[in-house]
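Hi,

Here is the structure I promised to hand over.

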Amino acid sequence: MNNQKILLGITGGIAAYKTPELVRRLKERGADVQVVLTRSAREFVTETTLQAVSGRPVRANLWDKEAEAAMGHIELARWADLVLIAPATAEIMARLASGSAPDLLTTLCLATEAPIAIAPAMNHVMWSNPAVQENREKLTNRGIRILGPAVGDQACGETGPGRMLEPDDIVKAVCAPVAVQNAEQAPLAGKTVMITAGPTREAIDPVRFISNRSSGKMGYALADAASKAGAKVILITGPVGIPAPDGIDALNVENAKEMYAAVHSNIDNVDIFIGAAAVADYHAVNINAEKIKKSDDKMSIELARNPDILSSVARLQDRPFTAGFAAETENLRDYAIGKLEAKNLDMIIANLVGRNRGFDSDDNTVEVFWRDGEQSFPTTKKSVLAKDLVALIARRYREGQAAETENTKTELPAIMVRD
Ligand code: PMT
């Protein structure tokens, strides 16, 4: 970090007591540190201490007449090579997300061209609050790095995610080579992810079809999140009324057989497959060439099973990491685990569905199951949920790859003996 100019913003959380140590660690690595305190931060840590460890006068006031005579806040914004905010409270995240600038630190953040990294610290329930998670999402989308938070005991006596990373871990994260930082920001860089989305339509005549209420929102949100995580995304979609996410060309299909064909023609080199489409289980055996005329009081349509796209992918010899969805109206857990096993999946994402529930809603609530684990995701926007699901899928995928490499290594001596 030789001569890197770090503007350290400290906001009002109990973890502020660790910041003199953070300043010392940054300086040991050769950084030049300028501290900016918010008013609440001064309740937790003193200017005198921070001035002593940083070797620079601490700035705390946007209305400092002396400094501002020379447009001090703009000078500081230009001076910084990196703006690091630790601890970052829910309040500073909200201010950064909304672009409001009532104090020196937030003004600097708007005026700087330097990268910004924040180390959130708050009670775990606050961290899980949808408002905080939406702000986190907005900040990440704007390229602000989120360092942590860590999981563990909290000052309030509870346990969970929300602890500020330790000073050493913050320093390691900001010093990490660009490649490592990119891997953190883009966990699917270099990977190809195929996602199916939306409903399928099974024609019964030239103007009528059997379908379902899927809007494509869940699958499209996953496609967007995977693309933002660095993946090349192949989105195969049934008919929906929403545009494809930026930068993704969707392959449009109408029915299950077309979706099956599109999936299998593009599956080579796919690393991760996510089946979010609500694929019709049956199609009409005979599709009337002309519009069916009203005649008898009752009529019946003979249906035949469609191919199961998800399990066909999961059964490929050189198969990608395969995640499916389970849409259920009852017994969510049992049915989902049943599908995980029956379809030979790596993961299943289970949602309760109904009118305006799961299907066609902007929010979703899911339970995720894999062979030796599970995780619940509370109700949140599909865009926010998709990001968390993609992070979980990326982690499980990487763990699977690491285990495979380990197995190959342990098998090696046996092969050598046979030779
Ligand atoms: O599109 P939205 O309005 O946003 O709604 C989202 C959603 C509710 C559609 C989505 O979250 C979801 O649950 N998608 C899967 C719907 C479904 O068909 O579930 P299922 O339990 O019937 O099927 C299990 C899995 O098998 C699914 O991954 C499905 O894509 C797959 N499948 C099913 C039948 C078939 N012939 N081929 C398949 O690949």
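Before the rest, the ground rules. This is a predicted model, where local features need pLDDT of at least 70 and side-chain atom pairs count only at pLDDT 80 or more, while totals for chains, interfaces and linings use all residues. Residues are numbered from 1 along each chain as its sequence is written, and side-chain values use heavy atoms, with hydrogens and water left out.

Back to Y282: at 40% relative accessibility it counts as partly exposed (buried is under 20% relative accessible area, exposed is over 50%, partly exposed is in between, with a 1.4 Å probe and protein chains only). Together with I210, M299, I301 and L303, Y282 forms a nonpolar surface patch of about 440 Å² accessible area. Patches take residues with over 30% relative accessible area and no salt bridge, joining like charges within 9 Å and nonpolar side chains (Val, Leu, Ile, Met, Phe, Trp, Tyr) within 5 Å. Accessible areas come from Shrake-Rupley with a 1.4 Å probe, and for residues only the protein chains shown count as cover.

Now the overall picture. The protein chain has 15 helices and 19 strands, and its C-alpha atoms fill a box of roughly 90 × 65 × 40 Å along the principal axes. Of its 419 residues, 46% are buried. The chain divides into domain 1 (5-175) and domain 2 (192-286 + 299-404), with bounds from an automatic or database domain assignment. Their centres, taken over C-alpha atoms, are 39 Å apart. Six residues from domain 1 and six residues from domain 2 make up the contact, contact meaning heavy atoms within 4.5 Å.

A few local spots:

- In helix α4 (residues 72-79), the buried residues include G72, H73, L76, A77 and W79. They lie on the same side of α4, because they cover an arc of only 160 degrees around the axis; the arc is that of the directions from the helix axis to the C-beta atoms.
- H124, in helix α7 (residues 124-128), is buried at 19% relative accessible area. Leaving out residues up to four places away in sequence, H124 touches Q154, E158, T159, G160 and P161.
- K381 belongs to strand β19 (residues 373-381) and is partly exposed at 35%. K381 and D363 are 18 residues apart in sequence but 4.2 Å apart in space, C-alpha to C-alpha.

Finally, the salt bridges, 25 in the structure (a side-chain nitrogen of Lys or Arg within 4 Å of a carboxyl oxygen of Asp or Glu). R24 and E28 pair up at 3.8 Å, N to O; both lie in helix α1 (residues 19-28), four residues apart, about one turn of the helix. R24 is partly exposed at 40%, whereas E28 is exposed at 53%. In helix α15 (residues 382-418), R395 and E399 are also four residues apart, about one helical turn, and their side chains meet at 3.7 Å, N to O. E399 also bridges to R396 at 2.9 Å, N to O, and those two are three residues apart in α15. Elsewhere, shared partners join E21, R24, R25, E28 and D168 into one salt-bridge network.

Cheers
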